[in-house]
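The following exercises concern a single protein chain. Please work through each task before reading its solution.

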Amino acid sequence: MRFSFIFSTLCTVTWSASVITNKQVIDTSKAEFETTLNEADFESNLHQRYDLHTLGIKVKDDPTIGNYSEGDILLESPKKFVEENNKLGRNAIRQMYRRWPNGEIPYTLSSQYGSYARGVIANAMNEYHTKTCVKFVARDPSKHHDYLWIHPDDGCYSLVGKTGGKQPVSLDSGCIQVGTIVHELMHAVGFFHEQSRQDRDSYIDVVWQNVMNGADDQFEKYNLNVISHLDEPYDYASIMHYGPYAFSGSGKKTLVPKKSGSERMGQRVKFSDVDVRKINKLYNCPSGGSSSNNNQINTNSIVNNSPPQV
């Protein structure tokens with residue numbers, strides 16, 4: 001049976017159709033400006049999810065499989081990006097991407113996100129706040145030149161690590177699911193897809209004849225001069241791993257596991273244990289990960305939550 005991602009069955013509560021409207025997800029009729037989340041967003045129920053299909057929103061089996069490099073990386077060539085950064089001589093971060101100083105990631109988000117989307121984005125950020133020492137903080141323009149700009153552009157995409165300036169993360173209406181957002185934010189934290197590892201051929205076979213025409217480069221693999229495995233094992237269950245039908249042109253599997261433990265391959269639900277360990281290693285987190293008991297970090301900031309003056 002073809003693998004699919006069934007989010008609603010994994011949730012203890014499903015909202016009834018009368019609870020939210022499309023505008024509570026994204027309202028493109030509103031003026032767009034940069035804002036941040038508030039305490040109410042972070043206090044929304046982590047167990048409540050809504051089936052966006054009932055609003056007529058098209059949600060792919062895996063929303064991260066898009067039209068960008070490796071599906072959801074906003075680069076012409078991820079490999080070229082990493083190799084060019086390596087030439088800058090930043091040995092401290094080596095091929096472990098561009099780390100955010102002190103694990104603090106400033107962000108803003110679009111005013112067009114409705115209350116439901118804001119709560120889901122907050123819940124995804126809270127997964128980092130409770131399991132790692134990475135902190136998403138409301139941007140202070142007087143302090144933060146580099147920050148994430150989370151907005152509903154075209155599909156789900158992110159850049160890898162800190163790239164500088166106003167760094168886009170796209171979450172359109174089909175991306176407003178906690179697992180999908182955790183995946184995109186993990187790119188921004190500094191990770192490529194799991195099957196990009198140098199040792200992936202020991203764990204999966206890429207069935208090239210089933211890959212859609214022109215998509216071979218979506219299965220790029222990097223050697224240890226480009227990325228680090230952080231001394232962690234290959235992880236079929238990673239939230240960063242492709243599913244078995246990724247970029248299939250025939251409806252047949254493109255990825256076939258070679259070893260046991262692949263039952264969750266391609267899941268977009270939550271961090272695996274290895275995902276959490278790798279984030280905490282990359283950012284030298286203390287034991288236990290989280291350095292704060294607060295869901296919302298730096299709430300008293302800084303961004304003016306009102307339309308710009310014209």
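Buried means a relative accessible area under 20%, exposed means over 50%, and partly exposed lies in between, with a 1.4 Å probe and protein chains only. The structure is a predicted model, in which local features need pLDDT of at least 70, side-chain atom pairs count only at pLDDT 80 or more, and totals for chains, interfaces and linings use all residues. Residues are numbered from 1 along each chain as its sequence is written, and side-chain values use heavy atoms, with hydrogens and water left out.

**Exercise 1. Determine where Glu184 is placed and whether Glu184 is buried or exposed.**

Step 1. Helix α4, residues 178-189, contains Glu184. Helices (H or I, at least four residues) and strands (E, at least two) are DSSP runs, numbered from the N terminus.

Step 2. The relative accessible area of Glu184 is 0%, so this residue is buried.

Step 3. An unreviewed UniProt entry annotates Glu184 as "active site". UniProt positions are given in the numbering used here, feature names are shortened, and such annotations may be inferred rather than shown by experiment.

**Exercise 2. Find the disulfides and state which parts of the chain they link.**

Step 1. A disulfide is a pair of cysteine sulfur atoms within 2.5 Å. Searching the whole structure gives two disulfides.

Step 2. In one of them, the sulfur atoms of Cys133 and Cys285 are 2.0 Å apart. The link of Cys133 and Cys285 is left-handed, with -75° about the S-S bond. Cys133 lies in the loop between α3 (115-131) and β5 (135-138), and Cys285 in the segment after α5 (273-282), so the pair ties together parts that are 152 residues apart in sequence. Cys133 and Cys285 are both buried.

Step 3. The sulfur atoms of Cys156 and Cys175 are 2.1 Å apart and form a disulfide. Its torsion about the S-S bond is about -105°, so the disulfide of Cys156 and Cys175 is left-handed. Cys156 belongs to strand β7 (residues 156-157) and Cys175 to the loop between β8 (166-171) and α4, 19 residues apart, so that distant parts of the chain are linked. Both Cys156 and Cys175 are buried.

Step 4. With the bonded cysteines numbered in sequence order, the pairing is 1-4, 2-3.

**Exercise 3. Describe the largest nonpolar core and the residues that build it.**

Step 1. A nonpolar core is a set of buried Ala, Val, Leu, Ile, Met, Phe, Trp, Tyr and Cys residues joined through side-chain atoms within 4.5 Å.

Step 2. The largest such core has 49 residues, and Tyr128, Phe136, Leu148 and Ile150 have the most contacts inside it. At least two residues each come from β4 (104-110), α3, β6 (147-151), β8, α4 and α5. Helix α3 gives the largest share, eight residues.

Step 3. Contact means heavy atoms within 4.5 Å. Leaving aside residues up to four places away in sequence, Ile150 touches several residues, including Tyr107, Leu109, Ile121, Met125 and Val169.

**Exercise 4. Locate Ser272 and list what Ser272 touches.**

Step 1. Ser272 is in the loop between β10 (255-257) and α5.

Step 2. Its relative accessible area is 5%, so Ser272 is buried.

Step 3. Not counting residues up to four places away in sequence, Ser272 touches Asp235, Ala237, Ser238 and Gln267.

**Exercise 5. Summarise the protein as a whole.**

Step 1. The secondary structure consists of five helices and ten strands.

Step 2. Of the 310 residues, 56% count as buried.
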